[in-house]
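Okay, everyone, let's get going.

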Amino acid sequence: MLKNGSLQTKIFVTYSILILLIIACIVAALAVYSSKMVQKGVYTGTERLLQKITEQFDGRVKDMERINVSLLLDENLAKHLYTPASIPGLGVQDTRKLTNTISSINGPFSSAFKIVAFNFEHEYALSPQSLDNAEALFQAGLEGIPIFAPLADGDGSFTLLPPHLDNWSQLQVPVFSLSRKIKDAAGREYGYIEVQQRYSDLARLYEPDPAIDSEFYIFDPTGDLFYPRPSIDASASAEDAELYKPYVFAGSSGSASVRNSGGEPMLLTYRQSPLTGHVLTIAQSREQALASVGRLNALIVGAGLLVLLATLIVLHHSSKRLTLPLRTLGNSLKQVTLSNLALNIDYTDKNNELQQLDRLFRKMFSRLQLSIEQLTEAGEREAKAQLLALQSQINPHFIHNTLATIGAAAKHGEQPEKVAEMCRQLSSQLRYTTSSDFVRVEDEIEYTRNYLNLLKYRYEEHFDFEIDVDPELRDIELPRITIQPFVENAMKHAFASVPPPWHIRIEGRVAGGHWKIAVLDDGAGAEEPTLEELRSKIEALFSNERRSGDEVRTGSYSLGIVNTYARLMLLHGESATMKIENAPERGLKVSFGGKIKTGTEDGHVQGNGSRRRASFDSGHSL
């Protein structure tokens, strides 16, 4: 994408990606850090709340224990408790005195819901709320109450009984209580004292956030659910509590991430009461408890996007200003030509770089003008030398082969007229080799026809030729002696291993704005490796068109096919083509051509290299 883009685009995109990565890393780091801090804050806040709730729970238990111990140590209550037979005969004054004693121990604000003193032996129960109904209380409170079974097996210390219905009244109020056995100095058990608190007081320990779904649990030391008590509260469910139980007894306090029975992620915070061993637990919806994390992350990402947008705007403006001198320079360079080697830059004092570039380019253009003039002159000399060197390599071969043909005809006693005709044709050919460097196709065909006639004189019925060239080709220009080398190669190589008769055909065609001349023989053809070698030489010559004459002459190129193609390129440039292939039936086919150009000054069809021919005549470089 950036390969073909402008410098401004490359700078903008490159630094935009770099800035994007930096901001993304910063945003990600801030999001992770803030998430951890918010989560830590949520955990810490919940742990502090749970610590406060635990202290309140322990405070209630301590208050209940204080009342219990105070009742045991009160002499007035102990006198009647240890001699319960006196209770039914209490007068109004003694009853009021006993009630005042219990009420004063309970406190002015009635910190306990109910206080009950029970005697095992005489089956009496005392309570300030119903002191005159001790026997009825006993019968109502004792029968079928399994909740007091743990108290009977106790060692005399207090026992925190789980929530149950108040058995000492007809209202059946849900309560939880702290009880202790009554023993004398000899260890004899008389009964127990029970201090009750309302069950609803446990619910008031935790006031949940209305925006967060949460639950509050209390587990007793044995792992049973103390609050909410399914046997007391019909809406309470122990299903989630059973899932949380393995986590809340993992330590004295801590937090854990679990799922409730509905599969919802929950944040579990627990703390153990150091007084009773009960474990208080708060289970909150993790998604709702950490909702602030998502809002904070969205805020951080939004701020990052705003910073990125502002940075990209500044970067775009900066890259535009940074590349302004280069764009100005590029627009000015588009107006530079050989006749106008100067920069037209409208710069201000703020663009000192443009002033410096203008000065440097003026100096460079001055040196360039001088170099162009020197190169033009050197190019003229080099091009002429190349053409002369290439053509001079052909002339000795032509003269040798032609004289050999005449000598062979004279040796066999041919008629003098035939030898004279052969000499005339040789003389015509020699004059042709000294003519202009560039000739018309018509002249080149006539020169080749004379050469073929000489061969015909030599081989007679063993050799035949055919020439078929479109008239439209006659005025196209070629380098002198272009077709004859292909005929010579056919005679020298193609027919060496093939018995006569031999046949050579020359054809020329014009089609689609291109001209092509082909030389075909019915010889042995060429092996594919040989053809590939010739093609590679031609391709190498095409890719190194500006070889010097010495490189072409002394290199690995032969004096035949490749040499001819080199001269075609000097005239027709990159439009010159050459193709070497085996003929469909037998023999070799060599074709070459180029692009034609119409509308010249004399009205003739010209090759694409007319400009090159004119460069030799007028003294301009290729």
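So, strand E12, residues 463–469, and strand E14, residues 502–511, pair in the parallel sense, with seven bridges. When I say strand or helix, I mean DSSP runs numbered from the N terminus: helices are H or I with at least four residues, strands are E with at least two. And two strands pair if DSSP finds at least two bridges between them. If you want a spot to look at, find Asp464, which stands opposite His503 in E14.

Before I go on: this is a predicted model, where local features need pLDDT of at least 70 and side-chain atom pairs count only at pLDDT 80 or more, while totals for chains, interfaces and linings use all residues. Residues are numbered from 1 along each chain as its sequence is written, and side-chain values use heavy atoms, with hydrogens and water left out.

Now, what does E14 do with E15? Strand E15, residues 514–521, runs antiparallel to E14, and eight bridges join the two. Ile506 stands opposite Val519 in E15. E14 and E15 form a hairpin with two residues between them, and Gly512 in that turn has a positive phi of about 60°.

On to helix H17, residues 561–572. Its 12 residues reach 16 Å from first C-alpha to last, close to the 16 Å expected at 1.5 Å a residue; the expected span is 1.5 Å times one less than the number of residues. Is H17 buried or exposed? Mostly covered: 12 of its 12 residues are buried. Buried here is under 20% relative accessible area, exposed is over 50%, and partly exposed is in between, with a 1.4 Å probe and protein chains only. The buried residues include Asn563, Arg567 and His572. After H17 comes Gly573, with a positive phi near 65°.

For contrast, take Ala420, in helix H12, residues 416–433. Ala420 is partly exposed, at 45% relative accessible area. Ala420 and Ile406 are 14 residues apart in sequence, and 9.4 Å apart in space, C-alpha to C-alpha.

Last, the whole chain. We have 18 helices and 18 strands, and of the 622 residues, 42% count as buried. Take the contacts, meaning heavy atoms within 4.5 Å: among those with a separation of 6 or more, residues 24 or more positions apart account for 63%.

Okay, over to you.
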